Amino acid sequence: MAKVAAKVYGDALFELAVEENRCDQFLEEICAVENALDQNPQAETLLCHPGIGSEEKQDFIEKCFKGNVSDDMTGFLQILVKKGRFSREMPYLHILQLK
């Protein structure tokens, strides 16, 4: 089930990137998000922690990434958190590299 959800989210991001001719931009932004999480493992812990509410996680994403990545990417990350689908192990963060 988790792989199906990852594919749905990844495909949606890819479709937007293709429609708007922004594949390279989104790939750069995904790499920037991954780099930020690599440099700040506490951020990933916060975003994946079941005891921290969705709104707090979404606010955290807004503060960390707004202005550093596109509003579309910020919104994508917030949707993943809101739906309980944020995880570095899921392939949606690599979907543009694979397509």
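**A chat about the helices**

Mentor: Of the protein's 99 residues, 38% count as buried, where buried means under 20% relative accessible area, exposed over 50% and partly exposed in between, using a 1.4 Å probe and protein chains only. This is a predicted model: local features need pLDDT of at least 70, side-chain atom pairs count only at pLDDT 80 or more, and totals for chains, interfaces and linings use all residues. Residues are numbered from 1 along each chain as its sequence is written, and side-chain values use heavy atoms, with hydrogens and water left out.

Trainee: Got it. How many helices and strands are there?
Mentor: The protein has six helices and zero strands. Helices (H or I, at least four residues) and strands (E, at least two) are DSSP runs, numbered from the N terminus.

Trainee: And which residues of α5 are buried?
Mentor: They are Met73, Thr74, Phe76, Leu77, Gln78, Leu80 and Val81.

Trainee: What distance separates the end C-alpha atoms of α5?
Mentor: They are 16 Å apart, which agrees with the 16 Å that its twelve residues should span at 1.5 Å a residue. The expected span is 1.5 Å times one less than the number of residues.

Trainee: What comes after α5?
Mentor: Glycine 84 follows α5, and its phi is positive, near 70°.

Trainee: Okay, packing next. At what angle do α2 and α5 cross?
Mentor: Roughly 50°, and the axes of α2 (residues 23–39) and α5 (residues 71–82) come within 10 Å. Axes are lines fitted to C-alpha atoms, for helices over the stretch in contact, and angles run from 0 to 180 degrees between N-to-C directions. That makes α2 oblique to α5; angles under 35 degrees count as roughly parallel, over 145 as roughly antiparallel, 65 to 115 as roughly perpendicular and the rest as oblique.

Trainee: Which residues make that contact?
Mentor: From α2 there are Phe26, Glu29, Ile30 and Val33, and from α5 Asp72, Met73 and Leu77. Contact means heavy atoms within 4.5 Å. The residues of this α2 and α5 contact divide into five nonpolar, no polar and two charged. Here Ala, Val, Leu, Ile, Met, Phe, Trp, Tyr, Cys and Pro count as nonpolar, Asp, Glu, Lys and Arg as charged, and the others, Gly among them, as polar.

Trainee: How do α2 and α3 pack?
Mentor: Their axes are 4 Å apart, at an angle of about 100°. α2 and α3 are therefore roughly perpendicular to each other. Leu37, Asp38 and Gln39 of α2 meet Pro41, Ala43, Glu44 and Leu47 of α3. That contact of α2 with α3 has four nonpolar, one polar and two charged residues.

Trainee: What about α3 and α4?
Mentor: The axes of α3 (residues 41–48) and α4 (residues 54–65) come within 9 Å and cross at roughly 145°. On the α3 side, Ala43, Leu46, Leu47 and Cys48 meet Lys57, Phe60 and Ile61 of α4. Six residues of the α3 and α4 contact are nonpolar, none polar and one charged.

Trainee: Switching to loops: where is asparagine 21, and is it buried or exposed?
Mentor: Asparagine 21 is in the loop between α1 (2–19) and α2. Asparagine 21 is exposed, with a relative accessible area of 72%. Its phi is near 50°, a positive value in a residue other than glycine. Most residues other than glycine have a negative phi.

Trainee: And where does glycine 53 lie?
Mentor: In the loop between α3 and α4. Glycine 53 is partly exposed, at 38% relative accessible area. The C-alpha atoms of glycine 53 and lysine 82 are separated by 8.9 Å, though these residues are 29 apart along the chain.
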